[in-house]
Amino acid sequence: MTPSDDVIWASLPVPALILDAQDRIARINPAAEGFLNSSARALIGVSVWDMLMVDAPLEQAFARARQIGTPLFVNDVDVGTGSRAPLQCNLQIAPLGGVPGQMLMLVSPRELAGRMTQKHSVKSAAKSVIGMAEMMAHEIKNPLAGITGAAQLLSMGLGSEDLELTDLIVSESRRIVGILDQVEQFGNVTAPRLQPVNIHDVLDRARRSALLSFAADMTVIESYDPSLPPAWGDPDQLLQVVQNLLKNASEAVGGQGGTITLHTYYEQSLRIRDADGVGRSLPLQIEVADNGPGLPPDIANDVFDPFVSGRENGTGLGLALAARIISEIGGGISVTSVPGRTVFRISLARAPALDKEKN
């Protein structure tokens, strides 16, 4: 390639790979290095099928396209790399003109707006529902306080058998107040104080807190990319979100013997599109994975919506609040779940002052 070709190759916004006649990686652009989370030096000479896990019977079609010299297009397939959950992608494969046996492969991750921030932002009707719930929560708490006080006064003159009934009234009233507090908290998220954030400092604080409380009997594994630059966000709100995801993971696993993995990495190719059509780059990734039974299939696509919960006494507001916070700081949140592995992923922008190409 000429120098001008090198510039074009390095500037391609999607992962691009050139494969030799044995399907080994012969050349790779920076976007593909980010997608595969590895350097060109480590990838050159490696079979592409060892690095890309495609959820489709692709190898025979690939060989046929090489043999007859025709392009191959594969749309809407899950592509994984071994270092993170699969992404839905489009693949474009074509013979490399003038070089027998070599093929050009383009991997185009689909825009994640439908699965991430745009889907889970609290818009239109959802805002109305939350506004009504917040108003009702405020109105209900006042008579509940009167009911609790009356039950406590009644208990002063009752025997032990009747005390069980008044104690039940008091405990259930307090539980309802706790739920109403969560509704009010959801409706009163403060504006984020955006600043550069060290992701690993936030994760360390959340991990330490979890191990001293709800995750005391669990194993928490750290798998971090130490070279990650600062993210753009609110450190306190990010801490709240990660703590919520850790608590959910611990409850899903069920305590002793469970494993939670905290994983960070850089994915240069990930972008999402806002409701107004503006695309944003969110290369900094945080994953909270657990080895629990997975999300119930009937709610797997709606877990970030308000009042959707897979637990018997869950309010369905914890993940909705997490999604709202991440949306407010300009990030994205998504989930993939199968029995034995559930992964919540937070995607964040780089701090503006450091928003340069990652070497």
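Helix axes are lines fitted to C-alpha atoms, over the stretch in contact, and the angle between two of them runs from 0 to 180 degrees between N-to-C directions. With that convention, this briefing describes a predicted model whose protein chain holds eleven helices and 15 strands. Of the 359 residues in the protein chain, 40% are buried. Among contacts in the chain with a separation of 6 or more, 64% join residues 24 or more positions apart.

**Helix 9 and helix 10**

- Helix 9 spans residues 199–211 and helix 10 spans residues 235–253; the two pack at an angle of about 45 degrees, and their axes lie 9 Å apart.
- Helix 9 and helix 10 are therefore oblique to each other, and helix 9 passes helix 10 in a right-handed crossing.
- On the helix 9 side, the contact is made by Val-202, Leu-203, Arg-205, Ala-206, Arg-207, Ser-209 and Ala-210.
- On the helix 10 side, the contributing residues are Pro-235, Asp-236, Leu-238, Leu-239, Val-242, Gln-243 and Leu-246.
- Sorted by class, the contact of helix 9 with helix 10 comprises nine nonpolar, two polar and three charged residues.

**Helix 10 and helix 11**

- Helix 10 also packs with helix 11 (residues 318–328), at an angle of about 150 degrees and with the axes 10 Å apart.
- Angles over 145 degrees count as roughly antiparallel, so helix 10 is roughly antiparallel to helix 11.
- The crossing of these two helices is left-handed.
- From helix 10, the residues that meet helix 11 are Gln-237, Leu-238, Gln-240, Val-241, Asn-244, Leu-245 and Asn-248.
- Their partners in helix 11 are Gly-318, Leu-319, Leu-321, Ala-322, Ile-325 and Ile-326.
- By class, the contact of helix 10 with helix 11 has eight nonpolar and five polar residues, and no charged ones.
- Leu-238 of helix 10 takes part in the contact with helix 9 and in the contact with helix 11.

**Helix 5 and its surroundings**

- In helix 5 (residues 59–68), the buried residues are Ala-61, Phe-62 and Ala-65.
- Viewed down the axis of helix 5, these buried residues fall within an arc of 105 degrees, so they line one face of the helix.
- The face turned away from the buried side of helix 5 carries the exposed residues Glu-59, Gln-60 and Gln-67.
- The cover over the buried residues of helix 5 includes helix 4 (48–51) and strand 1 (16–19), together with strand 4 (72–80), strand 5 (87–95) and strand 6 (103–109).

Conventions
Residues are numbered from 1 along each chain as its sequence is written. This is a predicted model: local features need pLDDT of at least 70, side-chain atom pairs count only at pLDDT 80 or more; totals for chains, interfaces and linings use all residues. Side-chain values use heavy atoms; hydrogens and water are left out. Helices (H or I, at least four residues) and strands (E, at least two) are DSSP runs, numbered from the N terminus. Angles under 35 degrees count as roughly parallel, over 145 as roughly antiparallel, 65 to 115 as roughly perpendicular and the rest as oblique. A crossing is left-handed if the near helix is turned anticlockwise from the far one by less than a right angle, and right-handed if clockwise. Contact means heavy atoms within 4.5 Å. Ala, Val, Leu, Ile, Met, Phe, Trp, Tyr, Cys and Pro count as nonpolar, Asp, Glu, Lys and Arg as charged, and the others, Gly among them, as polar. Buried means under 20% relative accessible area, exposed over 50%, partly exposed in between (1.4 Å probe, protein chains only). The arc is that of the directions from the helix axis to the C-beta atoms.
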